[in-house]
Amino acid sequence: MTNRKFHRWMSIVGIVFFLVVATTGVWMQGEAIFGDDEVEHEALAALTSSVSLSKVMTFDANSIDQARKAMLLRFGDRRVASVDWIIKAPVPAYVFHLDGAEPIKVTVNAATATIIKSAPDGEDWVRRLHTGELLGDGGKFLGLAWGLALIAMSVTGVILYFQMLKKRKTGAAGRLRGWRRYFW
């Protein structure tokens, strides 16, 4: 099979995957730029933490227990995957990562033990579609195969470009000058 045929067939088969990867990638970049997490991240970047390593950090076990009780009332008895202690924030908080069929990330005010917000924890369906995880192990393999196909298409595309450029210098189009001679 020639480079041209290989390149053409790979592009016909791959257009669906390319569109899915490109669309989900643009979606995720939009969320990264304009999403709520980015707004929160920018707001926290402007703050300076009052805690330093030269001072003793005190951890109030009673406040985390009060936060745990508030979580228990709201979400019932669930397994806790991890707890983050956020000290660089307008209000110090604990972030509980709860396990289960639908993992949840819950932010609790460390001083008052009130729940500030809760959101699904883990990757959303767009990211899972982008990486192929949505389709299970087969989707991961498909993503790997598509990545390799993109590399093959890039290499064969460059080879085809230079072959066509070489042939073109002998034809009527070879009389073109400037940048136009590279793009026909």
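**Exercise 1.** Is Lys-69 buried, partly exposed or exposed, and at what relative accessibility?

*Solution.* First, the ground rules: this is a predicted model, where local features need pLDDT of at least 70, side-chain atom pairs count only at pLDDT 80 or more, and totals for chains, interfaces and linings use all residues. Residues are numbered from 1 along each chain as its sequence is written, and side-chain values use heavy atoms, with hydrogens and water left out.

Next, the cut-offs: buried is under 20% relative accessible area, exposed is over 50%, and partly exposed is in between (1.4 Å probe, protein chains only). Lys-69 comes in at 38%, so it counts as partly exposed.

**Exercise 2.** Find the salt bridges in the whole structure.

*Solution.* Look for a side-chain nitrogen of Lys or Arg within 4 Å of a carboxyl oxygen of Asp or Glu. The search turns up 2 of them. Arg-68 pairs with Asp-65 at 2.8 Å, N to O. Lys-69 also pairs with Asp-65, with the closest N and O atoms 3.7 Å apart. Put together, Asp-65, Arg-68 and Lys-69 form a linked network.
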